[in-house]
Amino acid sequence: MKIAAVQLDAVFADVQANLDRSEYYIRQAASAGADLVLLPEFFTSAIGFSEKMLDVAIRDEQVPKLLNQWAAEYGVIIGGSYLAFDGENAYNKFALVFPGGEVFEHKKDIPTQFENCYYTNGDENNVLVTPAGNFGVAVCWEMIRYETVKRIAGQVDLVLAGSCWWDLPTDTPPEREALRQYNQHLACEAPVTLAKLLGVPVVYATHCGTATALHFPDGEKTQTRRFVGSAQIINGNGQVLVRKPFSEGGGFVMAEMSWNPSSRKKPDHFPARYWVPELPDSYIRAWETANPIGKQYYNTVALPYYQNR
């Protein structure tokens, strides 16, 4: 199977523009021989703290129909996650859509920091059993938590991973430059580490470009953040087969993959840790403080907005 991973230069919160860009890359990858095209997390919008985000889940109502249409028209399997409102709650929903109309889904388990403003906790269904094989799904920070690794280990042939990994604001003081470099390295290496832990290939789609939104949680000023990482495909030994750094802009990478279900092996044990990497204290504090603030915004602002549209 030839698999393509897209690196998307999204227009922040502009659903139609990003659907057009996504279709363009799907068409280009299909023309290049891809059998599966992986789009990044939040491929219809990117992410930022802004009132613009409140309309994204509503406008995304067209996405399931379009994914089915594109999969059939271009003859490829398409995967990617987007904000989806089901009438009761909004989720960061990953959908894997086959040309014949079969759809397999996973809802990201826990939103990250201010993402909590726009959707709620999903499920632990990180293994999709499909006609093409067993696919693991790891959406952004699901890649760096051992709970995700435990759900997937020994059960999949390949992992489909996607992110919309934001960097520190562009006006961050120079003394925090080391943290910026750490963040960019983590975004790039997280899927490599995941492949090594699981012993299976990982396909990773991501964003590039920037988004200008409000400072969270006070919303008193705007800030611009770059999206970082590298669209890449990694084999089961952790070797990067192909990679496109975020600094190179939009496009896609592609590689031919094969697997043997009989070779699935579950590691003997994993460390008794929550996070895979040794995260800096500032990351842990942000996770512990921003998550509940974001949940309050979701319950008092976003969810009523969705329900009244």
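The expected span of a helix is taken as 1.5 Å times one less than its number of residues. The structure described here is a predicted model, in which local features require pLDDT of at least 70 and side-chain atom pairs count only at pLDDT 80 or more, while totals for chains, interfaces and linings use all residues. Residues are numbered from 1 along each chain as its sequence is written, and side-chain values use heavy atoms, with hydrogens and water left out.

Helices (H or I, at least four residues) and strands (E, at least two) are DSSP runs numbered from the N terminus. Helix α6 comprises 27 residues, and the distance from its first C-alpha to its last is 37 Å, close to the 39 Å expected at 1.5 Å a residue. A kink of about 45° is centred on Tyr 298 of this helix, the bend at a residue being the angle between axes fitted to the seven residues ending there and the seven starting there. Residues are classed as buried under 20% relative accessible area, as exposed over 50% and as partly exposed in between (1.4 Å probe, protein chains only). The buried residues of α6 include Tyr 283, Trp 287, Tyr 297 and Tyr 298. Together, the buried residues of α6 pack against α2 (56–59), β3 (77–85), β4 (90–97) and α5 (177–198). Thr 289 also belongs to α6, but counts as partly exposed because its relative accessibility is 47%. The C-alpha atom of Thr 289 is separated by 8.0 Å from that of Gln 113, a residue 176 positions away along the chain.

Strand β3, one of the elements against which the buried residues of α6 pack, is largely enclosed by the rest of the structure, because nine of its nine residues are buried. One side of β3 carries Ile 77, Gly 79, Ser 81, Leu 83 and Phe 85, the other Ile 78, Gly 80, Tyr 82 and Ala 84, and both faces are covered. Strands are regarded as paired if DSSP finds at least two bridges between them. Strand β2 (residues 36–38) runs parallel to β3 and is joined to it by three bridges, with Leu 36 opposite Ile 77. The pairing of β3 with β4 is antiparallel and extends over eight bridges; here Ala 84 stands opposite Tyr 91. Four residues separate the strands of this β3–β4 hairpin, in which Gly 87 adopts a positive phi near 100°.

Aromatic pairs were assigned to rings of Phe, Tyr and Trp (its six-membered ring) with centres within 6.5 Å; planes under 30 degrees apart count as stacked, over 60 as edge-to-face and the rest as tilted. The structure holds 20 such pairs. Tyr 24 and Tyr 25 form an edge-to-face pair, because their planes lie at 65°, with the ring centres 5.3 Å apart. Of these residues, Tyr 24 is partly exposed at 39% relative accessibility, whereas Tyr 25 is buried at 14%. Tyr 118 and Tyr 297 are likewise arranged edge-to-face, with 6.0 Å between centres and 75° between planes. Because Tyr 118 occupies the loop between β5 (103–107) and β6 (127–130) and Tyr 297 lies in α6 (residues 281–307), this pair ties together parts that are 179 residues apart in sequence. Both Tyr 118 and Tyr 297 are buried. Ring pairs also link Trp 141, Trp 165, Tyr 182, Tyr 274, Trp 275, Tyr 283 and Trp 287 into a cluster.

Several backbone features occur in loops. Ala 13, although not a glycine, has a positive phi of about 65°; this residue is located between β1 (2–9) and α1 (15–31) and is buried, at 6% relative accessibility. Cys 140 is also not a glycine and has a positive phi of about 50°. The loop that contains Cys 140 lies between β7 (133–139) and α4 (146–152), and Cys 140 is buried at 3% relative accessibility. A cis peptide bond, with omega about 10°, joins Phe 216 to Pro 217, the latter being in the loop between β11 (210–214) and β12 (222–227).

Definitions and conventions
Contact means heavy atoms within 4.5 Å.
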